[in-house]
Amino acid sequence: MNTDGVDIAALAPARVFADLQRRPGANAISFLSRAGNDASINLYDIDENLETSIFRSSEIAIGYPGTCGTHAWIEDGASLVTITRDGRLCKLNLATCGFTPLIDREALGQVASSTSGKYLAASVNDRAILLGKASVDNTWKFRSVFEGDAKTNDHFVADPTISSTLGLVAFRFWRDSTMPWYQSSIKIVDFAGNLLRSIGGDHEMVSQPRFSRDGTKLAYISSSSGFLAPTLLDDPLAGTPRTLGQGNFDYGDVDLGFGQTSFCWSDDDCGIFAQRREDGFGRLVYFATTNPRVPVEVAKGFFDAPVSVGSWLVGIRGGARTPTHLAAIDASSREPSSKFAKRRIATGHFLGAELAQLSEPEIDRTLT
């Protein structure tokens, strides 16, 4: 079908993307590519500008596009783990492309690794948080670091993140009786399972906890300002939350909170890349933690699931003019006058789409 020179069939989704992850020790990312009921874990090498498929299987868990938490890198980027459709956590052997179960449990919902891949945190039944570490014989041992109240069992947990530097695990928590976007909190526990701090609550929504790469700071999204804003804890255990940015913008979505990714730490931990909604469209901006009130605009359009790798930022670009694809942005300079070069990595639509024929909507304001 062709309308006004635009091949509509070429714009139909061929695959969708989710779960972008930085590969430790390499200038590369992995991501989940879904086509129909099949999924593959693909690798993109930024230096070589090359996409390859690591593993394809109908067993790989399929989450919502743009979310994270279904796979993670371990052993300094030598191997990875993934959650299967039946909720098992398995190690993927890159040489044999075979699954090896890491834990005799099912109903795992999400998994996250520490920066070096030495630790894993996983949610079970959306109620408990497990922490795993590789032993000397290269087997993984897991133990619970949060179960909640076993008598009432009236809560949900999501989005674990690990600081191996401080020996902490943070995750999102809410009660059955409250919707997560109405009232939720972030719990911080140590590796022994002791609850050290709770952030949020009291009609505040908090989500997306993420430790910096060096593990010393914690960022998350909070509604305390009246909008969904990136918030920073310079000291996760005792610091006062700092709201990044200003203005009437939302830097996230109000949803059930499982795996949303609207911001990421920069690779050098000096700032945060965040996507916001502005005038009905998207903006990707950068906040320097030393000057958090003045963001630098990096790109227009929606960039979901951003991942910072060295001087590059990779994200899922969607929106009006551009059919969904993965894009890499050179963010080596983060000054307001910077020109951020972009390149397309992988398209989510059929080849042959003439992108130049699509118009980008703009807002036309009329004073009355």
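**Salt bridges across the chain**

A: In this predicted model, Asp268 is partly exposed, because its relative accessibility is 42%. Its salt-bridge partner is Arg334, and the closest N and O atoms of the two are 3.3 Å apart. Asp268 belongs to the loop between β23 and β24, whereas Arg334 belongs to the loop between β29 (325–330) and β30 (342–347), so the bridge ties together parts that are 66 residues apart in sequence. Arg334 has a relative accessibility of 18% and therefore counts as buried, the cut-off for buried being under 20%.

The loop between β23 (263–265) and β24 (271–278) also holds Asp267. The side chain of Asp267 meets that of Arg22 in a salt bridge, with an N to O distance of 2.9 Å. Arg22 lies in strand β3 (residues 16–22), and the pair links distant parts of the chain, 245 residues apart. With a relative accessible area of 21%, Arg22 is partly exposed.

A further salt bridge joins Asp253 and Arg277, whose closest N and O atoms are 2.9 Å apart. Asp253 is in the loop between β22 (242–243) and β23, while Arg277 is in strand β24, 24 residues apart. Both partners are partly exposed: the relative accessible area is 35% for Asp253 and 38% for Arg277.

Salt bridges also form a network, which links Arg276, Glu278, Arg283 and Glu297. Over the whole structure, the search finds 15 salt bridges.

Notes:
Residues numbered from 1 in each chain as written. Predicted model: local features only at pLDDT ≥ 70, side-chain atom pairs only at ≥ 80, totals over all residues. Heavy atoms only, no water. Salt bridge = Lys/Arg side-chain N within 4 Å of Asp/Glu carboxyl O. Helix = DSSP H or I, 4+ residues; strand = E, 2+ residues; numbered from the N terminus. Buried < 20%, exposed > 50% of the residue type's maximum accessible area, 1.4 Å probe, protein only.
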